[in-house]
Amino acid sequence: MLDTSAEYLKGVGPAKAELLRTELNIQSFEDVLQHYPYRYFDRTQVMKISEIHAQSDFVQLAGTLINIAEEGEGRRKRLVATLYDDSGQIELIWFQSISWVRNSLREQGRYIVFGRVSFFNGVPNIAHPEVDLVNAENIITGLQPVYPTTEKLKSRGITNRSFARITQSLFEKISLTDVPEILPQGYLQQYKLCNRYAALRWIHFPDTDEHLEAARYRLKWEELFLSQLKIARLRLQHTAQPGYLFKEVGQHFNEFFSNHLPFQLTGAQKRVLKEIRMDTATGRQMNRLVQGDVGSGKTIVALMTMLLALDNGFQACLMAPTEILAQQHFRGIHELLEKMRVPVALLTGSIKGKERKDILNRLRDGSLAFVVGTHALIEESVQFQNLGLAVIDEQHRFGVDQRAKLWQKNEKAPHVLVMTATPIPRTLAMTLYGDLDVSVIDELPPGRQEIKTVHRQEMSRSRVMEFVKSEIGKGRQAYIVYPLIEESEKLDYESLMAGYEQVKIWFPEHKYRICMVHGRQDAAERERNMQRFIKGDADILVATTVIEVGVNVPNASVMVIESAERFGLSQLHQLRGRVGRGSEQSYCILITGNKLSKESAQRMNIMVSTANGFIIAEQDLAMRGPGDLYGTKQSGILKFKIADIVQDMHILEQTRQAAQQLVAEDPTLQLPQHAGLRRLLQNEARQSHWRKIS
Ligand code: ADP
Ligand code: MG
């Protein structure tokens with residue numbers, strides 16, 4: 001029943017069904033059920049018109065409709081009508097669907113009217129109200145659901161109200177038996193969950209606050225549980241999966257370690273290498289996350305693991321989230337390996353034509369041992385002879401799906417090493433990386449001094465710039481970073497250019513060498529400018545956040561962040577991590593406007609008071625919620641319909657345990673009480689496949 005197409009619901013039909021599919025991915029009855037309201041209008045109260053006041057928001061009125069008339073011409077045309085009750089009168093206005101509305105309204109009819117009050121010259125009116133004849137059937141009372149929707153749907157007449165009607169008509173078609181429980185029966189008691197049918201019914205049409213609460217709880221629980229179940233099963237699959245055996249630590253690794261390693265490894269680096277060594281010597285596939293704060297030295301761990309792969313006859317790849325980072329890794333690795341004659345290539349989207357073909361050929365025939373690149377590496381056309389290891393740097397930009405693609409590059413999945421510089425709060429780690437083993441590099445290379453962080457306001461700018469000059473005078477380099485304004489690339493560019501002009505006034509060109517990188521430059525130009533700074537041929541790098549992750553210039557000791565209030569905590573921390581990479585004292589200066597919101601002030605305080613990335617990440621998650629974090633918004637990695645991993649952390653913990661226990665007891669979900677779950681997961685797998693090819 002729940003697989004039936006939404007097209008067959010009252011008030012839908014083929015055209016609207018198509019819209020629902022393209023706009024909200026709603027296809028079946030089940031999808032309609034799972035399109036949850038995000039708030040409710042209280043339709044229990046009917047107000048007198050005279051009670052409307054300046055702060056009135058949504059109101060429900062009852063009265064008689066008169067003076068229904070069209071006014072204005074052309075684009076200003078509108079339909080107006082007057083509603084009166086025994087206390088007063090109010091104007092109702094429609095700007096769209098005028099003739100349709102007009103035909104449906106009855107002069108002198110008694111109506112229930114619901115809508116948002118606005119004021120024009122102090123006089124209240126309601127635009128596009130919902131109107132129902134007083135004794136119409138189907139009238140909505142109690143709490144009226146409000147659904148997420150899109151502009152397009154609204155403009156095609158699928159209003160919030162139509163949604164409510166559609167859902168209502170669905171509930172007229174189905175009953176308890178059509179909505180089977182998917183959770184094991186025992187869970188309902190153990191975790192105090194209402195049954196699925198009740199939950200769905202109450203989330204759409206709650207009759208009491210208690211029922212609404214129970215519905216929410218149950219659906220959050222279900223959602224988090226399913227995600228944890230998938231993760232637990234994925235993890236089981238990896239650990240059961242045969243992997244390549246890296247039998248020996250061979251010639252390449254040893255030669256590098258003895259002759260080319262430019263420093264002593266820290267204890268933490270050694271420990272992580274040992275963990276990797278153990279993973280890869282078991283014959284099972286490794287899936288390991290290496291967490292280490294910025295500057296903790298993850299790259300060398302990656303490289304040495306790649307050498308381990310090579311020693312055992314395998315190819316290895318390293319994937320970075322941006323072109324600049326990929327280039328930098330490539331250069332670094334190329335340099336470190338120069339004397340060892342290990343072939344390594346760079347493969348990014350901007351490498352094309354013959355060069356690209358050549359690289360692809362050498363990867364296929366196995367003559368190329370290492371390749372460093374961006375997303376370009378997971379494209380279909382990239383085939384390896386025998387990929388034994390995939391390293392993913394700055395992983396949070398890559399989703400589980402993308403990781404999965406790498407696993408498919410071979411007959412057997414390669415070992416996967418994920419490196420992240422953003423310390424991840426536990427709750428996020430559980431949802432993003434629950435399937436991975438975790439290593440932590442919790443020690444910075446010796447000789448590093450803590451970065452001094454200060455917060456300065458606009459008015460102290462000249463002192464800040466004098467300070468930057470004095471540092472440059474000592475032979476150091478400085479970053480000056482401008483924020484990305486998400487909504488407008490053009491504005492970004494303009495603010496960066498204005499900033500650049502300012503910088504040139506503070507630092508005249510005959511005395512200072514300034515270069516600039518930003519997203520609008522083509523890769524080659526950006527690369528050229530970046531190179532100038534890396535080589536020390538520029539004193540100041542003016543940039544947007546393209547330099548955020550991974551860029552490594554040890555001689556740079558000052559990070560000036562302009563409009564710092566515009567950045568999130570994790571981003572600020574990442575930026576700060578660009579300095580303090582050499583042995584000199586480094587500084588991070590956060591410049592903000594003179595007036596700050598409470599939240600921005602709090603963010604600046606946190607930055608000034610701690611350098612601990614884990615604390616910062618926790619605070620960031622708490623302040624912003626998961627949606628905005630780590631670029632997950634666009635990638636949809638953490639898209640939950642109803643759960644919120646910060647607020648519902650206790651549910652997350654509970655479901656994680658339940659899922660792990662279930663998978664341990666019944667890994668293939670064969671027990672009768674798990675049949676519902678099994679069917680659901682199978683269905684989902686089939687559907688996601690189907691959606692991909694459709
Ligand atoms: P991240 O963990 O942020 O990726 P990197 O791998 O870029 O850090 O390392 C940061 C800097 O520290 C690099 O210049 C690197 O050469 C240096 N480095 C790494 N490990 C050590 C070490 N054990 N001793 C000294 N310097 C190190
Ligand atoms: Mg790095």
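The C-alpha centres of domain 1 and domain 3 lie 55 Å apart in this predicted model. The domain assignment, which is automatic or taken from a database, gives domain 1 as residues 44-139, domain 2 as 251-441 and domain 3 as 452-610. Residues are numbered from 1 along each chain as its sequence is written, while chains are lettered from A and ligands numbered from 1 in the order in which they are written. Local features need pLDDT of at least 70 and side-chain atom pairs count only at pLDDT 80 or more, whereas totals for chains, interfaces and linings use all residues, and side-chain values use heavy atoms, with hydrogens and water left out.

Two loop residues can be taken next. Ser97, although not a glycine, has a positive phi of about 50°, and is found in the loop between strand S4 (89-94) and helix H3 (98-104); helices (H or I, at least four residues) and strands (E, at least two) are DSSP runs numbered from the N terminus. His128, likewise not a glycine, has a positive phi of about 45° and lies in the loop between strand S6 (123-127) and strand S7 (130-133). His128 counts as partly exposed because its relative accessibility is 37%, where buried means under 20% relative accessible area, exposed over 50% and partly exposed in between (1.4 Å probe, protein chains only).

The second largest pocket has a volume of about 1600 Å³, a volume being the space filled by probe spheres set on grid points that are joined across faces, edges and corners. Of the 42 residues that line this pocket, the closest to its centre are His128, Pro129, Glu130, Thr159 and Arg161. A pocket is an open set of points on a 1 Å grid over the protein atoms alone, where a 1.4 Å probe fits, with protein on both sides within 12 Å along at least five of seven lines, and lining residues have an atom within 4 Å of a point. Among the elements that give two or more residues to the lining of the second largest pocket are H3, S7 and helix H5 (160-173).

Ligand 1 is surrounded by 16 residues, each with a heavy atom within 4 Å of it; the closest are Gln264, Gly295, Lys298, Thr299 and Arg448. A nitrogen atom of ligand 1 lies 2.7 Å from a backbone N or O atom of Gln264, and a nitrogen atom of ligand 1 is 2.9 Å from a side-chain N or O atom of Gln269. An oxygen atom of ligand 1 is 2.6 Å from a side-chain N or O atom of Lys298.

Note on methods: A polar contact is a pair of N or O atoms within 3.5 Å; within protein, one must be able to donate a hydrogen and the other to accept it, and residues adjacent in sequence count only if both atoms are side-chain atoms.
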